[in-house]
Amino acid sequence: MLRVGMLTSGGDCQGLNAAMRGVAKTLYELNDDVEILGYQDGFRGLIEGDYKLMKPSDFSGILTLGGTILGTSRQPFKEIDNYVNGKDGETRCEAMVRNYKEQNLDCLVVLGGNGSHKSANRLSEEGLNVITLPKTIDKDIYGSEMTFGFQSAVNIATDVIDGIHTTATSHGRIFIIELMGNKAGWLTLSAGVAGGADIILIPEINYELENVLAAIEERNKQGKKFSIIAMAEGSKSKEDSEMSSSDYAEMLKEKGYPSGTYKLAAELSKELDQEVRVTVPGHYQRGGSPCPYDRVFASECGAYGAELILKGKFGRSVVQVNNEITSLPIDEVAGKKNLVPTNCELVRVAKDMGISFGDE
Ligand code: F6P
């Protein structure tokens with residue numbers, strides 16, 4: 001009997017169910033005696049021993065389903081050594097190790113992003129057999145060229161930019177579209193190029209207000225009375241990037257800006273004789289059905305993860321390198337981030353096409 005635990009952790013995204021289906025179908029197909037335990041709401045389920053014994057039918061009909069059938073939660077890595085019940089007793093980490101053993105698991109599959117990789121790595125260091133799958137719309141998992149959720153989010157963000165284009169053109173307005181991505185600019189860079197944004201602002205390249213203004217004024221001179229700015233939520237001006245994160249958050253709060261996007265909008269409004277609007281698609285970018293690319297990629301990741309389990313290769317993260325699915329040791333992946341290299345091909349090409357990144 002092979003007993004495999006599975007959990008989805010951190011922010012949800014498209015393709016989680018497709019990936020779990022990939023794991024399950026491969027395991028059921030290649031091994032006659034498999035039991036899968038689905039932990040509820042991410043690491044919360046493993047900490048509390050809250051699981052459901054899954055049936056093969058639980059994995060049917062979920063390929064196209066968004067979200068996660070297991071539920072998810074954020075259990076910050078920095079709290080892994082906190083006591084489960086207040087001041088004494090077991091730590092969260094100890095509880096997870098105990099439940100893994102009590103529930104006779106042979107392996108735990110963690111579908112997660114950066115934070116979840118740190119917790120998965122810790123469990124692996126504690127001696128548990130762990131496999132991780134790369135989930136996030138941010139595409140910021142170290143060591144992997146791709147993550148499932150990313151392409152679906154790019155599709156949605158591009159649709160938003162497309163839609164904003166028509167209204168921006170009609171009114172001759174400046175639109176700032178705030179896109180997700182946490183500290184990484186991948187989603188904004190891809191959607192910005194795909195949606196024909198005029199200015200792309202990402203956290204990896206600090207912008208200067210005067211350069212953003214110059215790019216808009218240049219368009220106005222060419223008779224283009226509207227401009228579209230695709231701005232990643234983590235982007236900052238050069239000046240603001242010198243502040244600590246807490247000082248920056250405090251400054252935004254004091255000035256009444258919900259995010260840096262609104263600060264830029266106010267600054268542009270002051271300088272330009274044009275109306276400026278902000279659009280925030282927010283969590284919609286993580287919602288709905290996975291796009292065909294994510295269905296395929298998530299299925300591949302899931303199937304590859306199952307193959308690792310059947311070969312007894314544990315402590316591995318499933319990743320994509322040179323367009324191929326492969327795996328890396330979890331400790332090489334955990335604790336680092338895949339950010340946009342400022343000199344990468346797509347940034348270079350975008351600049352050559354006249355897209356401003358606000359840095360020159
Ligand atoms: O990591 C995925 C992500 O959607 C980020 O792009 C975003 O910064 C964050 O999660 C939002 O977190 P929450 O769902 O907790 O609001």
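This is a predicted model: local features need pLDDT of at least 70, side-chain atom pairs count only at pLDDT 80 or more; totals for chains, interfaces and linings use all residues.
Which residues of α5 are buried? They are Phe 150, Gln 151, Ser 152, Ala 153, Val 154, Asn 155, Ile 156, Ala 157, Val 160, Ile 161, Ile 164 and Ala 168. The helix covers residues 150-171, and at 1.5 Å a residue its 22 residues should span 32 Å; the end C-alpha atoms lie 31 Å apart, which agrees. After α5 comes Gly 172, with a positive phi near 60°.

I turn now to helix α4, residues 114-125. Its 12 residues should span 16 Å at 1.5 Å a residue, and the 17 Å between its end C-alpha atoms agrees with this. Because 11 of the 12 residues of α4 are buried, the helix is largely enclosed by the rest of the structure. The buried residues of α4 pack against α2 (43-48), α3 (92-102), β6 (107-112), β7 (130-136), β13 (316-321) and α12 (330-333). Just after α4, Gly 127 adopts a positive phi of about 100°.

Finally, the ligand. Among the residues surrounding it are Gly 113, Asp 138, Asn 182, Glu 233 and Arg 286. By class, its shell holds 2 nonpolar, 5 polar and 3 charged residues. Why does the ligand lie between domain 1 and domain 2? Domain 1 (2-148 + 290-332) and domain 2 (153-286) both give residues to the shell, so the ligand lies between them. Thank you.

Technical notes: Residues are numbered from 1 along each chain as its sequence is written. A residue is near a molecule or strand if its C-beta atom, placed from the backbone, lies within 6 Å of it. Ala, Val, Leu, Ile, Met, Phe, Trp, Tyr, Cys and Pro count as nonpolar, Asp, Glu, Lys and Arg as charged, and the others, Gly among them, as polar. Domain bounds come from an automatic or database domain assignment. Helices (H or I, at least four residues) and strands (E, at least two) are DSSP runs, numbered from the N terminus. The expected span of a helix is 1.5 Å times one less than its number of residues. A residue is buried if 20 or more other C-beta atoms lie within 10 Å of its own, exposed if 12 or fewer, and partly exposed in between; C-beta atoms are placed from the backbone. Two residues are in contact if their C-beta atoms, placed from the backbone, lie within 7 Å.
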